[in-house]
Each structure stands twice: as structure tokens, then as C-alpha cells.
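Hello,

Here is the structure we spoke about handing over. My notes on it follow below.

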Amino acid sequence: MADTKSHHADPLAGLPVQSDDVSFSGIGWFVVILTATTLFCMALVAGMFSIMEHRVASTDPAASPVARPVGTPPPAPNLLTDEPGNLKAFREREDEILTTYGWVDRNAGTVRIPVERAKALLLERGLPTR
């Protein structure tokens, strides 16, 4: 194998050379200072928020004497809060009306009959003509 070492003198001898060592203590101090700065900033922000909340609470007007407690619904009519349940109840009432016998107006003698029975009567009797 060929000789890879040069036998002549190093031309850069005597000049300062940068070492390849990494300063772990410098990295450690950087992490410590960064952590301390972050914690200080977090404490500063938390303190500022508490000061601002105190200012808002002290200047907040008193509640109206007619105001309701939290969680109490307002007087009727209210907004619909259970639309699927309301629709289901409506359809059940409509199905009951369409499938059962009952009075529409007892004084006038008007009754209702199920839709299927009305169709059967219409087929038996036919449509009225003039």
C-alpha cells in the first residue's frame, strides 16, 4: 500500500487550530438559561392575566335584580331544544290520528276514520258525482 503520510513539514505549523471538541457545559448553561427565561415569562403572563381579571371584576356592573340564576330557562315560549324528540312525538300523534277512529266535532256529529278504511269505503261506494 502506498505511504499516505507526507514526509515534508506541515506548512500551517504554528498557526492556531480550531479543535473539534463540543462544549457540553455551554449547551447545559444554554438549556438552564432558556428554561429560566421561559418560566419567568410564564409567571409574568400569569401575573398580568390575574391583574387584568381583577380589574375587570372590580369594574363589572352589578347583576340586574330581574336577572335569572344560571341554568334557569326563560319564560315560555322557549326555543326548541330536542328537535328529534319533538318530531317523533308529532309523528306519533299524526299516526294515531290517521289510524284510529275518533270525534272531530262531537256537537256537529263529525267523526274521523282511519285512512285505510276510508280508501276501502271509497272503492266500494265510488266518488260522488253531480
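How many salt bridges does the count come to? The count comes to one salt bridge. Please keep in mind that this is a predicted model.

The pair is Lys119 and Glu116, whose closest N and O atoms are 3.8 Å apart. That distance counts because the cut-off between a side-chain nitrogen of Lys or Arg and a carboxyl oxygen of Asp or Glu is 4 Å. Side chains of opposite charge can pair when their charged atoms come close. Both residues belong to helix H3, where they are three residues apart, or about one turn of the helix. Glu116 is exposed, at a relative accessible area of 57%, while Lys119 is partly exposed, at 46%.

Overall layout

The protein chain contains three helices and two strands, and along the sequence these follow the pattern α-α-β-β-α. Of the 130 residues in the chain, 2% are buried. The accessible surface of the chain is about 12,800 Å², with 64% of it belonging to carbon and sulfur atoms.

Nonpolar patch

One nonpolar surface patch covers about 700 Å². The residues that make the patch are Phe40, Leu44, Val45, Met48, Phe49, Ile51 and Met52. Phe49 is placed in helix H1, which covers residues 24-59.

Hairpin

Strand S1 (residues 102-105) and strand S2 (residues 110-112) run antiparallel and are joined by three bridges. Opposite Trp103 stands Val111 in S2. The two strands, S1 and S2, form a hairpin with four residues between them. In the turn, Gly109 has a positive phi of about 80°.

Pro114

Pro114 sits in the loop between S2 and helix H3 (115-125). Is Pro114 buried or exposed? Pro114 is buried, because its relative accessible area is 11% and the limit for buried is under 20%. Leaving aside neighbours within four places in sequence, Pro114 is in contact with Leu98, Thr99, Thr100 and Tyr101. The C-alpha atoms of Pro114 and Asp95 are separated by 9.7 Å, with the two residues 19 apart along the chain.

Regards

Note on methods
Residues are numbered from 1 along each chain as its sequence is written. This is a predicted model: local features need pLDDT of at least 70, side-chain atom pairs count only at pLDDT 80 or more; totals for chains, interfaces and linings use all residues. Side-chain values use heavy atoms; hydrogens and water are left out. Patches are made of residues with over 30% relative accessible area and no salt bridge: like charges are joined within 9 Å, nonpolar side chains (Val, Leu, Ile, Met, Phe, Trp, Tyr) within 5 Å. Accessible areas come from the Shrake-Rupley method with a 1.4 Å probe; for residues, only the protein chains shown count as cover. Two strands pair if DSSP finds at least two bridges between them. Buried means under 20% relative accessible area, exposed over 50%, partly exposed in between (1.4 Å probe, protein chains only). Contact means heavy atoms within 4.5 Å.
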